[in-house]
Amino acid sequence: MKKVALIFLSISIFIIILYFIINLPEQEPYKPPICGDSICWEGEESYCLDCNLSCKSEFCNSKINVLCDNCTETQKKLLPTLFEHQNIAYDCLANYYNYHPPRLIYHTISSPDSPIEPCNKKEGCYISGGGIAYHEGIEQEFIPGLREYGENDVTKKENIGFEIHEFAHIFTYYGLGIVQSWFTEGISIYTESRVLCHPDYILSNKMDDFLSLYNQLKKGDKTLDEIAPYDEYYQTSHNSHRIGSMYFSALEQDYNCNKKCISRILYFLYEYRKNCVRDCFENAKKYVPQLMNFSLNNNDLRVPIITNKIIKQKSEEIIGEDLNSLFELLEIEY
Ligand SMILES: [Zn+2]
């Protein structure tokens with residue numbers, strides 16, 4: 001009897017052990033967080049240049065995908081034209097920057113979270129920029145273009161405009177990798193103010209406003225702290241939009257650097273990043289110690305290759321003058 005009980009107990013224990021072995025939680029296969037190996041690992045889509053992303057809606061080609069996230073019925077009707085316009089904007093920026101983002105860019109329209117003030121001008125309000133440029137693409141709670149009096153969004157096809165500012169951020173990121181906030185804001189404002197992508201596009205006049213601020217700073221009428229106070233959003237000691245716009249205003253006014261010249265600076269920076277391999281890349285990587293083992297090559301956009309020092313160097317190369325005094329005036333460290 002004792003023997004039977006013992007056998008029964010052994011079998012029970014064996015079954016219990018077997019049960020646990022079979023039901024062990026399956027371990028996730030280890031995925032090394034590497035980037036630049038021509039494989040798009042989950043979670044690194046926005047940091048690498050080698051991700052093949054796919055279309056999520058019908059308004060899509062190899063360049064952009066216009067999406068609707070819980071958008072209004074009116075917005076939905078305007079999406080085909082917006083897609084057409086953003087293709088024009090894409091080609092225009094690609095032509096100006098001399099490169100294009102090497103992956104698909106998502107442009108998502110959604111209905112607003114909080115109410116947007118209706119336009120209070122009889123002639124209407126033209127909204128060319130705004131929204132957020134994430135690494136994945138652009139998100140906007142409205143359609144860019146002309147809002148008629150009393151309206152808080154574009155409602156007619158013929159009033160649809162072009163989104164340039166946020167798009168320029170995307171071009172900067174995917175062409176140059178991460179850069180200081182003053183530079184990406186400056187070049188976005190410059191682009192929306194100076195690069196005419198279509199006869200119907202209305203250029204922003206922001207650059208003219210910043211030029212007068214720059215001249216006040218130069219004359220000593222105002223200090224940099226007065227003109228460009230602390231930037232809450234970027235947490236930088238000076239407002240990034242203002243520093244960046246004043247930089248490009250100065251290049252235009254004092255260094256005779258026109259549209260072609262700025263375009264060349266952008267291309268030189270792009271080429272620099274592209275060719276920054278081996279020692280150049282290893283040095284750049286030192287500034288992000290947590291990524292030391294993560295990145296295989298310069299496809300990882302988190303590595304700051306285009307630093308203030310490189311921006312200064314490339315700008316000087318093209319302009320043919322040193323920019324020490326400008327960098328000092330705007331207190332840009334290099
Ligand atoms: Zn911006």
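Begin by selecting W182 and F327: both residues are buried (under 20% relative accessible area with a 1.4 Å probe, protein chains only; exposed is over 50%, partly exposed in between). The model is predicted, with local features requiring pLDDT of at least 70 and side-chain atom pairs pLDDT 80 or more, whereas totals for chains, interfaces and linings use all residues. Residues are numbered from 1 along each chain as its sequence is written, and side-chain values use heavy atoms, leaving out hydrogens and water.

The structure contains 21 aromatic pairs; Phe, Tyr and Trp rings (the six-membered ring for Trp) pair if their centres lie within 6.5 Å, and count as stacked with planes under 30 degrees apart, edge-to-face over 60 and tilted for the rest. With ring centres 6.2 Å apart and planes at 90 degrees, W182 and F327 are edge-to-face. W182 belongs to helix α4 (residues 181-194) and F327 to helix α11 (residues 324-329), 145 residues apart; helices are DSSP runs of H or I with at least four residues, numbered from the N terminus.

Next, select Y190 and F248, a tilted pair at 5.8 Å centre to centre and 40 degrees between the planes. Because Y190 lies in helix α4 and F248 in helix α7 (residues 240-254), this pair ties together parts 58 residues apart in sequence. Y190 is buried at 0% relative accessibility, and F248 is buried at 1%.

Then display Y90, Y96, Y97, Y99, F167, F171, Y267 and Y270, which ring pairs link into a cluster.

Finally, turn to K56, whose charged end sits over the ring of Y106, 4.3 Å from its centre (NZ of Lys or CZ of Arg within 6 Å of the ring centre and within 35 degrees of the ring normal). At K312, the charged end sits over the ring of Y334, 4.5 Å from its centre.

Methods. Helix = DSSP H or I, 4+ residues; strand = E, 2+ residues; numbered from the N terminus.
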